Each structure stands twice: as structure tokens, then as C-alpha cells.
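My entries follow in the order I looked things up.

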Amino acid sequence: MAKSKTRYQCRECAAVTTKWAGQCADCHAWNSIEEVAGEPAGGGGSDRFSGYAGATSITNASDVVITAEQRVTTGLSELDRVLGGGLVPGSVTLLGGDPGIGKSTLLIQCMANLSGRTGTLYITGEESLSQVSMRAQRLGLPQDNLRLLTETRVEQIIQHAEIEKPGVMVIDSIQTMYTETLTSAPGAVAQVRESAARLVRYAKQTGTSVFLVGHVTKEGALAGPRVLEHMVDTVLYFEGDQGSRYRVIRAVKNRFGAVNELGVFAMGEKGLQVVSNPSAIFLSRHETPVSGSVILVTREGTRPLLVEAQALVDESHLGNPRRVSLGLEQNRLSMLLAVLHRHAGIAMFDQDVYVNVVGGVRISETAADLPVLLAALSSFRDRPLAADLVVFGEVGLAGEVRPVNNGEDRLREAAKHGFKQAIVPASNQPRDPIPGLTVHGIHRLPEALDLVN
Ligand code: TYD
Ligand code: MG
């Protein structure tokens with residue numbers, strides 16, 4: 001057995017070193033390194049190599065017995081969708097979002113739905129039992145089998161869970177939890193990481209599904225919980241602004257389903273309601289066509305979605321005209337405007353350009369390139385695009401219009417919502433015509449401009 005050596009550990013990020021240093025080499029925090037007694041927290045013991053009971057062994061991939069992955073429906077179809085088709089037993093899901101966006105509401109609804117079928121345990125470190133219970137009551141949720149606990153010590157939580165043996169457990173929120181083995185305050189990175197690591201271990205050992213709630217910082221990163229992303233199976237993230245009634249949940253990471261899958265909910269009197277036809281809500285149908293508005297078909301995850309993007313191009317009085325983009329990447333907008341100038345001869349260097357995606361959805365794919373350019377041009381010329389037109393396509397630096405994935409799927413969604421014309425990359429032109437939809441397949445940006453003139 002190896003001789004026991006003195007070890008040092010960073011208080012902030014829990015990195016382990018064999019030498020003391022003034023600054024942690026991992027997280028660059030100053031004066032955070034201290035000596036730890038015995039095995040550092042989170043470190044594996046050396047006895048796993050020594051060959052007695054409990055030691056690990058190497059197996060052939062073909063010998064691994066695969067048990068069919070059963071999924072449990074949460075009773076909220078859009079939540080099932082982002083989870084990849086239901087909740088997987090033994091999985092750990094991190095649910096992130098701004099305070100007040102609806103994380104606790106969603107999970108209490110989900111737990112109440114599940115409580116008839118499996119043991120549920122809702123652990124809150126933020127609200128009192130009466131607050132949680134009052135909310136469940138107001139939402140008209142069944143409460144008979146909904147088990148609640150207020151606790152912030154992870155060791156206690158695990159002890160309770162070992163007796164209670166719930167099938168699904170919610171930790172609201174991970175930032176309020178702490179383990180007694182570390183001295184730092186709840187919410188510190190090391191605490192969040194260590195507490196989550198214990199809960200993940202518990203979930204995997206017992207096959208309990210665990211939801212961890214994580215709050216988000218101003219910068220948009222999951223504070224502390226960012227470090228958890230690699231530990232958990234699924235990371236779900238609330239998007240959309242709080243002013244709007246609609247809440248979008250995106251799967252940022254999913255070991256059991258498609259990444260970037262979106263789930264859409266509406267916040268109302270009775271909590272979060274599933275929106276089963278999300279395309280309809282992101283379209284703000286105008287009475288008369290307005291310039292600067294375009295309908296695009298995005299495909300985040302496994303489902304096409306019709307979304308309205310708006311542009312406003314207005315004469316600038318600044319030396320450095322503004323390029324503001326909400327819901328789309330800002331650098332991409334600047335690049336697209338440069339392509340428009342170089343390959344279509346339309347200059348906007350003396351114009352402020354604002355682009356916004358209606359409904360607070362964030363679009364992370366390049367299929368929005370062509371629609372954004374057409375919207376900007378429409379606003380610039382003050383000439384509305386046809387109300388029955390949809391557009392998608394990636395625009396390259398050489399002015400070429402490149403295909404996007406699942407073109408036909410997108411076109412069918414548009415036809416379903418009554419759109420009559422589409423401007424799309426030539427390679428996305430469907431082989432068989434889609435009834436009611438005229439599809440213009442184009443190769444280069446100028447062709448699109450000719451079509452909308
Ligand atoms: P909450 O779930 O407490 O947010 P989080 O846990 O993410 O911090 O959400 C609370 C917000 O939702 C609050 O602003 C009120 C609103 N809300 C409704 O509009 N209707 C409802 O039925 C409920 C329960 C909450
Ligand atoms: Mg909450």
C-alpha cells in the first residue's frame with residue numbers, strides 16, 4: 001500500500017495537489033489551498049486496486065447485459081420530449097434558469113403527476129413546507145403521496161432517502177445544499193460540486209431519478225452548477241424572457257436524447273401548461289404585412305418550428321452604427337451584412353441594424369441566415385415580404401446559399417400552417433412537390449433578392 005502523503009486541496013474548486021501554492025493552478029483563486037487530512041474529498045481510495053471484494057474488473061463489451069431502458073412519463077408531454085421521451089430511472093437532470101422563471105413550479109407539477117405511480121420526494125432548501133404545499137394546493141395537484149422535506153445537509157438528505165426510497169427526488173436548489181465534510185459556505189463551487197457528486201452517486205447506486213435545480217448568474221452561466229454539467233446526464237435550461245407568458249426549455253446536454261430539443265410551456269393560473277402546437281405561438285400574425293418581418297423555419301432538436309424574426313434598419317447617427325441581435329448571434333449578423341454588401345451590393349454601413357426573434361426563443365443554427373438578411377433588406381427598403389412566405393438557409397461568405405438539415409420536414413411544417421411559398425437552398429428542394437406550397441430553390445444570395453423584389 002502506498003505511503004500516506006500530505007495532500008493539499010483548493011477550497012474553491014476542490015483541485016488536489018501535492019504541494020502548497022499561493023494560487024490554485026486550476027481555478028486561479030488566491031490563498032485557497034489548504035492541507036487536507038487523509039483522503040481528499042471526492043478522491044478515490046487506493047484500495048480499489050487491491051483485489052478484494054468490491055474491486056472493479058474489466059469486461060468485454062459484448063458480455064455486458066443490457067437492460068431495456070424503461071422511461072417514466074412525467075405527465076407533461078413537453079418535459080418528456082426534452083428528456084428524450086420520458087424520465088430514465090437512475091438519471092440525474094440539472095434544471096437551470098433565472099430565479100422566478102418557473103423551475104419549482106415545473107418540478108412540483110411533475111412530482112405530483114408522478115406521485116401516483118412511484119415514490120416521490122421533494123426536498124426544498126429555499127421555501128418552507130407550507131409554501132410548497134400551498135402552491136401545490138393552489139395548482140390543484142394531488143398531494144396525498146407527494147412527500148416533502150426541508151433540508152440542506154446532503155448527508156441528512158441521503159439518510160432520509162435511504163429510508164424513504166423514492167423513485168424520483170427533487171433537490172431545490174443545489175446552491176442551498178452543503179456537505180459537512182467541507183467548511184466553505186453553501187453555494188461555493190466546492191460545496192455545489194461535492195454535494196452534487198454525493199447525490200449523483202446516490203442516484204446511480206439506487207436507481208433513483210434525481211432533479212437538481214440550479215440558479216443562473218447574470219452572465220447567463222449556471223453559477224456553480226456549470227461545473228456540474230459533466231457530472232449529470234441531462235442539462236435542461238429555461239430560456240425566454242420572464243415578461244412573456246411562454247417558457248421554453250432547452251436540452252443543452254442529454255445522454256438519453258437529442259440535444260437542443262425544445263419544450264414549450266405557457267405560464268398561467270394553473271402553473272405551467274404544455275403548448276402542443278408551439279409553431280402557432282411564435283408567429284405574431286400582423287393584420288397587414290409589415291416590413292422587416294420574416295417567418296423562418298428552425299429545427300432545434302427533432303422538431304421543426306416556425307418562428308418570426310424581425311429586423312429594423314434605421315439611419316445611424318453614430319460613428320459606429322449599432323448591430324443589435326436578440327435571439328441570434330451578434331457576430332453572425334455583422335458577417336451576414338458584410339456578405340450582403342459584397343455579393344448583393346447593398347450597403348448598411350451607415351445604418352443601425354436591430355434583429356429580434358419573437359417570443360424570446362434563441363436560435364442556434366445557421367438556417368436563420370437567409371431569413372435575417374431578407375428581413376433586414378425588407379426593413380431597409382420599407383417593403384414587406386409576402387405574408388404567406390417562409391424562408392430558411394445558411395449563407396456562406398462567398399454569397400452561396402447552403403443547405404440545412406431536414407429541409408423537407410421544415411417545408412411540411414410550413415405547409416401545415418398554411419404558408420404558400422418558400423425560399424430555400426436549392427439542395428433542400430423536395431423531390432416530390434408539397435401540396436399547396438411553391439418552393440423556390442436558390443443557389444446564391446442575389447437570386448433570393450430577385451425573388452422578393
Ligand atoms: P417559481 O417556480 O417559483 O420559479 P423558480 O423556482 O424558477 O425560481 O416560479 C414563480 C413564478 O411563476 C412567479 O413569478 C409566479 C409565477 N407563477 C404563475 O404565474 N402561475 C402559477 O400558477 C405559479 C405557481 C407561478
Ligand atoms: Mg424555486
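Where is G140 found? I traced G140 to the loop between α3 and β6 (146-150). Helices here are DSSP runs of H or I with at least four residues, strands are runs of E with at least two, and both are numbered from the N terminus.

Is G140 buried or exposed? G140 is exposed, with a relative accessible area of 58%. Buried means under 20% relative accessible area, exposed means over 50%, and partly exposed lies in between (1.4 Å probe, protein chains only). I also checked G140 against A112, 28 residues apart along the chain. Their C-alpha atoms are separated by 9.9 Å.

**Ground rules**

I am working with a predicted model, in which local features need pLDDT of at least 70, side-chain atom pairs count only at pLDDT 80 or more, and totals for chains, interfaces and linings use all residues. Residues are numbered from 1 along each chain as its sequence is written, chains are lettered from A and ligands numbered from 1 in the order in which they are written, and side-chain values use heavy atoms, with hydrogens and water left out.

**The whole protein**

I counted 10 helices and 21 strands in the protein. The C-alpha atoms fill a box of roughly 75 × 55 × 50 Å, taken along the principal axes. Of the 453 residues, 47% count as buried.

Next I looked at contacts, meaning heavy atoms within 4.5 Å. Among contacts with a separation of 6 or more, 65% come from residues 24 or more positions apart.

The protein exposes about 21,700 Å², and carbon and sulfur atoms supply 50% of this area. Accessible areas come from the Shrake-Rupley method with a 1.4 Å probe; for residues, only the protein chains shown count as cover.

**Ligand 1**

How many residues surround ligand 1? I found 15, and the closest are G100, K103, S104, T105 and G268. A residue is near a molecule if one of its heavy atoms lies within 4 Å of it.

Then I went through backbone N or O atoms. One of G102 lies 3.1 Å from an oxygen atom of ligand 1. One of G268 lies 2.8 Å from a nitrogen atom of the ligand. One of G271 lies 3.0 Å from an oxygen atom of ligand 1. The protein covers 72% of the 560 Å² of accessible area that ligand 1 has on its own. The elements giving two or more residues to the shell are α2 (103-114), α3 (129-138) and β11. The largest share, 3 residues, comes from α2.

**E365**

I placed E365 in the loop between β16 (351-357) and α8 (369-381). Leaving out residues up to four places away in sequence, E365 touches V297, T298, R299, E300, N405 and R410.

Most residues other than glycine have a negative phi, and most peptide bonds are trans. H28, in the loop between β2 (16-17) and β3 (33-36), has a positive phi near 65°. N260 has a positive phi of about 70°. I found N260 in the loop between β10 (246-254) and β11 (262-268). N260 is partly exposed, at 26% relative accessibility.

Last, a cis peptide bond joins D172 and S173, with omega about -5°. S173 is in the loop between β7 (168-172) and α5 (189-206).

Conventions:
A polar contact is a pair of N or O atoms within 3.5 Å; within protein, one must be able to donate a hydrogen and the other to accept it, and residues adjacent in sequence count only if both atoms are side-chain atoms.
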